Amino acid sequence: MDPTAAGVRLASSVLAPLVRKLFVQEGPGAALVPGPVRISGLVSFKGERRTLGDKELRKLAGELVERSLRARGPGERPVPATEEDALAGALATTLRGLGDLHMDDVQAVHLGPAALAARLRATSPHAARDLSRDAELLHDALVDTACLHIVHFFTQRSAFVARTLVQQSRNLDGLIAAMDAFLARCPSPRAADTAFERSYLAYIARKHSRLTLYGIDLAHSPDRWPLDAAYMSLEATSPAAPDVGSLGPWGGDSGPPVPAPAPADQALSGRDRVLLRGVAGSGKTTLVQWLAVSCTKPPAETPLPHLYGRVPFVLPLRTLTRDGAPLPTPDRFLAAVGCPVAGSQPDGWTDRVLSSGRALLLVDGLDEIPDREREQARRWLRDLLDAFPDSLWLLTTRPSAVRDDWLAADGFDELTLAPMRRAEVTAFIGRWHDAARRDGTDTTALDAYQQSLLSAVHTKQDLARLATNPLMCALICALHRDRRGYLPTGRKELYDAALAMLLSRRDRERDMAAPTGIDLGDAPQIQLLQRLAYWLIRNGRTELDRARAERIVAEALPAVPSAAAQGSAEAVFRHLLLRSGLLREPAPGSVQFVHRTFQDYLGAKAAVEDGDFGLLVEHAADSQWEDVIRMAVAHARPRERAELLRELLAYGDGLADDRGRLRVHLLALACLEHATELDPRVRQEVDERARAILPPRSREESRLLAEVGPFVLELLPGPDGLADDEAQEVVATAELLASDAAFEVVMRFVDHPSFGTQAQLATSWRSFETERYARDVLRHLDPRATVTAGTTAELRALKALGGRARVAVSGSFTARELLDELVHEPLENLTITGNPVISDLAFLRAFPALERSRCTSRPASGSPRSGRWPSPTWHGCRCPAWARRCARSSRRSRTCVPLSCTTAT
């Protein structure tokens, strides 16, 4: 037990009576003293009114020590029994120093308990000299606690002093009450729990404080990065915003404000349960690491202070369900994930942590278990939620693995990791090269590589489409450096280059001559690895036990003689695990690919070589097979590619479910990105199916197209020849994809005349860089279109354009901010939403051209439903000038919509 804890565990009801014995009792008229009194005149063991002798003072100190030790929990004795007497003597010596302090009670109160304790110890600096370190700490804690009550005693002893120190008295009363409440609420934990928790948190901090992008730590790229330096918080968004029509730029009704993206690592700030969606490589697991490590840091050292005091449990589902194992009960959490300190876990510790509401459960990879096991996982989650409702929960999954409301009934908020934007890609590339400079020698070349790669990512659409998540950005950086500034184009070419680098070039460049005794080229390694990948895919797994992996290699070895000649299946597998760079062992006896994308890529190659096109088609509606099928099209030869795509179309045509049929047809359309050579008739058939949603005509179709991937941007038509609703949804699709290439699509529609398209353009700028969008898009919009601004940066961007006639402002802006940031002269129509700050509308007089203003707030009682007011007054404020303007507005058949002030409503 921490010796300092024994002192603070003394409740005020125990300590206060003992402290009062140190001072003389006040007689009648004590409250009429003319001013503060010297402390030396108040103590009961000195002066004419002395009531305590040295023996009594020693006895009182001994009682303080005894009661502090009695307050400890079982097994938490901070000092041995043989040292208690010496501790009591040291405490008595220190307390005797009260009679030597040259200050009065008012000065002591102003000084505060901590400083008073320091002064008191300074009067007897050698009092604790002969004590052990633990006894000395307990001595200091008892002095600190006693001084807290001494100061409180002074504040209560006379009316004169009470009047002088009333505010500090209140603060001290509150502090003591809070301490008593805390002691009542949080009894002392057992010493074994405290010791284990300390070692467990230290293990979590060490295990997760380093970030490794597995398989990309090459000869010319950084190895493991410190998580604090390498972690970059991406943005997460709430569920899809309402359709654009809900906020009509032409005077229609206004809907709820569009939820703005927020930092993903703040997901649990204000939320207890979050289901976080993100594509492969988007940083879900890295975020789990970041949150776990943040729990181990003191508040002053963490950017997430709301997690202080939480105990993290990192629970990868792929590991928990390995080999069909049942999902663990809390007492087996640590053992199930292979935690090396699980054996020293006290009985019932996990239950106590969960029951106290201090746990942070990080359940990673819901998409990495088969569909048939997800319902079982949900039941497991619900049982835990029912048993321990007060803990924090974060679940991660790929976007389409479970439906949108899969855990909504259990109180989970859903967030989605947004793709990396231009600024985030730039920042990631900079951090990657900074890490490389720390470990590398070619710093001058790295400067040039960084600049050339930034230029390539921002200008080459094929490369920009790949750089949408941390995994692909890191892979691109590594390949770019390793190839001295050259990069392949296309996903298949990029993976081919990565495999060549991972499988053979790394050892060759490091002058490592077959450290495992086995020397295999790329082709035999790929043949064996793709067998493992294909088994995982067919069985809906991302992890398998090592014994099964060795059996799979043994079955494949006879067909790979160059590998069979070099050793047994166990030896060959060990070589693949240690040297290929594509496999890892997350726990003893368990094997998985370093990332799902490599598993899908290699498994697709095996499926094509085996001619399993029927199996691929059967799983076309399974989200776990989407990338496999797309990569199969990339691997297939032209005739095989045509056969696979025709079977996909036929399978989709045969589905009775409209949504499922559309999904399969979209998958076929997505595969065209990888069909470098294809029978034109097959491409035409795919295009014919695509006409059902190209161009999109509804928001659902826009979202479906966006889910297919960035290549859709190349297929989006227009603006010529499109109906108004089609043009609007093409812009909406580009907004959902939110990239530099998407921005180019948006730019094509700047001059489109339809109201809906102009409205979509006006509300899409939050998906793009603010200043760039304002400069290149908003500047050219129809002046009648209402532009919504929700941040100061957006208001300033509009101000830089010279203002607009119609503006909607959403958020808690003060009147002064609106006056400063809105351009006064052109503003004719102002909409204010979601603003609880403004209570006086007099500032609107500063806008001379303003003709109409409205708010989505509920009008005050008695307001007519139509929004027209029986008399020309501005409802909710005293503004005669605006009453006249409302009257003029009514004469021109305009509606004066009420803006209800906070004070009025």
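## Before you start

Helices here are DSSP runs of H or I with at least four residues, strands are runs of E with at least two, and both are numbered from the N terminus. This is a predicted model, where local features need pLDDT of at least 70 and side-chain atom pairs count only at pLDDT 80 or more, while totals for chains, interfaces and linings use all residues. Residues are numbered from 1 along each chain as its sequence is written, and side-chain values use heavy atoms, with hydrogens and water left out.

## The whole chain

The protein chain holds 40 helices and 16 strands. Of its 905 residues, 52% are buried (under 20% relative accessible area, with a 1.4 Å probe and protein chains only).

## Helix 4 and helix 7

Let us look at one helix pair. Helix 4 (residues 84-96) packs on helix 7 (residues 133-155) with the axes 10 Å apart and an angle of about 40°; axes are lines fitted to C-alpha atoms over the stretch in contact, and angles run from 0 to 180 degrees between N-to-C directions.

Leu87, Ala90, Leu91 and Thr94 of helix 4 meet Ala135, Leu138, His139, Leu142 and Val143 of helix 7, where contact means heavy atoms within 4.5 Å.

## Helix 22 and helix 25

In another pair, the axes of helix 22 (residues 522-538) and helix 25 (residues 569-579) come within 11 Å and cross at roughly 90°. That makes helix 22 roughly perpendicular to helix 25. Gln525, Leu528, Leu529 and Leu532 of helix 22 make the contact with Val572, Phe573, His575 and Leu576 of helix 25.

Conventions:
Buried < 20%, exposed > 50% of the residue type's maximum accessible area, 1.4 Å probe, protein only. Parallel < 35°, antiparallel > 145°, perpendicular 65-115°, else oblique.
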